[in-house]
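Here is a short report on helix packing and a ligand site. Please look at the sequence and the 3D view first.

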Amino acid sequence: MVAADISKVYPKDTEAPAGGVDDMTRLLYLHEPGVLGNIKTRYEHNQIYTYAGNILIAVNPFQWSPYLYGTHMMEQYKDADLGELSPHVFAIADVAYRAMKKEGKSNSILVSGESGAGKTETIMMLMRYLAYLGPRSGTEGRTVEQQVLESNPVLEAFGNAKTVRNNNSSRFGKFVEIQFDKEGHISGAAIRTYLLERSRDKERYKLGAGPKSFHYLNQSNCIEVDGINDSQEYLATRSAMYIVGISEEEQEAIFRVVAAVLHIGNIDFDEGTEVDSSVIKDDKSRFHLKTASELLMCDCDKLEKALITRIMVTREGVITKTLVPELAIVSRDGLAKTIYSLLFDWIVNKINVSIGQEANSTQSIGVLDICGFENFEVNSFEQLCINYANEKLQEYFNQYIFKMEQQEYTEEEIDWSYIDFVDNQDVLDLIEKKPGGVIALLDEAWGEGTL
Ligand SMILES: Nc1ncnc2c1ncn2[C@@H]1O[C@H](COP(=O)(O)OP(=O)(O)OP(=O)(O)O)[C@@H](O)[C@H]1O
């Protein structure tokens, strides 16, 4: 028996159906325990999807159910109104597709959730269903949906990493735009990526010493992952690269760049003889510097200079400043990250050329895959960017779901009780508002050369 203050107890709907309700708006009491309880009840009845109005909540079942996503299911959801059948990801795609056709306007579906929640799988289902609704007309061979799906292994090979939560976690945001012609048939697709997390936990590329010997790979002490066979993954990546049209020569260049990034990470510095300066630490570091420059086909001396100095543009003119070893490391890591993300952008561009983007497309359905909020023990600039992006999405959600709806009720003089929601305007002001906002402070630090 527990004694509790009545004001702190949430009421329970004693007459709620045993299997829960398929739309949260039908809950008698709409509070957090009620919402979570409903999701749990449904999950126990093998229902992983639940609506909250026109938003779909999905619980990752971690077990495959072919029945749930088969052609038979697709046939049922085609042209069915939202809410007519059990909640399903196909229903969301169907609404977006029909609205696009009816209004002749593009639509977007936002898929959000924390790492491992099932975003990537959900997006695959959305694409399969859209390809089912509007197959590309008059073309032979692979469908756009197939091509977009085939590009996944390549994107994953360069954009994913193992995290504590997910062995194959996407470390980038993705916006897949499926383009349609006037008849509603798929006419092309484009993949846009953003917010790539660039921090990453063999003889031709001088990688003989193995992953343990590379600073960028040995930080986590996790070199092998159960159930993942690196040589098989490598072969799969190579064949996926051929499929998306990356030639043998280009693949060779890609691996050269990746190897160069690893070698750059192993260049260490010592204090130089001049004040606030640094030099390449020893022969080992010099070997990595030389190998990196060979792989990148650039001048070794110029690469060295780029690492241990910084060029600053001031009102008085351009100044070359030497860097202390700690700052040379920052500059080294910055260079490695930039090279890696440019490589990733290049690969994405290559994939888009191969899929065939329609330049004059007027209607499309975009599917946005974005990591949910992140809060690690040590958070970096990348977490700030991800969390800021999520705050912006939350603002959009608040704007559309709460503020506008409530405004409409007021205007139409409908009797309603105000729903309390957490307005995140303060957080956004903190980041955006000038002066004093985080962005303004970062700008200033950048200008002064302290960043
Ligand atoms: N609808 C589903 N049915 C069955 N299994 C699923 C489903 N959704 C996700 N999973 C399982 O959960 C795993 C993680 O899902 P997924 O990779 O889609 O997560 P994510 O949200 O994209 O993660 P991250 O943000 O870290 O990339 C998948 O590899 C798959 O095994």
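## Helices H9 and H12

H9 and H12 lie roughly antiparallel to each other, because an angle over 145 degrees counts as roughly antiparallel, under 35 as roughly parallel, 65 to 115 as roughly perpendicular and the rest as oblique. H9 spans residues 248-265 and H12 spans residues 325-355; their axes come within 9 Å and cross at roughly 165°. Helices (H or I, at least four residues) and strands (E, at least two) are DSSP runs, numbered from the N terminus. Axes are lines fitted to C-alpha atoms, for helices over the stretch in contact, and angles run from 0 to 180 degrees between N-to-C directions.

The H9 and H12 crossing is left-handed, meaning that the near helix is turned anticlockwise from the far one by less than a right angle; clockwise would be right-handed. H9 brings Ile-254, Val-257, Val-261, Ile-264 and Gly-265 to the contact, and H12 brings Arg-332, Leu-335, Ala-336, Ile-339, Tyr-340 and Leu-343. Contact here means C-beta atoms, placed from the backbone, within 7 Å. Nine of these contact residues are nonpolar, one is polar and one is charged. Ala, Val, Leu, Ile, Met, Phe, Trp, Tyr, Cys and Pro count as nonpolar, Asp, Glu, Lys and Arg as charged, and the others, Gly among them, as polar.

## Model and confidence

This is a predicted model: local features need pLDDT of at least 70, side-chain atom pairs count only at pLDDT 80 or more, and totals for chains, interfaces and linings use all residues. Residues are numbered from 1 along each chain as its sequence is written.

The protein chain averages a pLDDT of 83, and 88% of the residues score at least 70. pLDDT is the predictor's confidence in each residue, from 0 to 100. The model has an ipTM of 0.97 and a pTM of 0.75.

## Helices H4 and H5

H4 (residues 89-103) packs on H5 at about 50°, with the axes 9 Å apart. The two are therefore oblique to each other. Their crossing is right-handed. From H4, Val-89, Phe-90, Ala-93 and Tyr-97 meet Thr-122, Met-125, Leu-126, Tyr-129, Leu-130 and Leu-133 of H5. This contact has nine nonpolar residues, one polar and no charged.

## The ligand shell

Which residues are closest to the ligand? They are Ser-115, Gly-118, Thr-120, Ser-169 and Ser-170, in a surrounding set of 17 residues. A residue is near a molecule if its C-beta atom, placed from the backbone, lies within 6 Å of it.

Helix H5 (119-133) and strand E5 (169-170) each supply at least two shell residues. H5 gives the most, with three. By class, the shell has five nonpolar, 10 polar and two charged residues.

## Helices H10 and H11

H10 (residues 283-296) and H11 (residues 300-308) pack at about 115°, with axes 9 Å apart. Their crossing is right-handed.

Note on methods. Contact = placed C-beta atoms within 7 Å.
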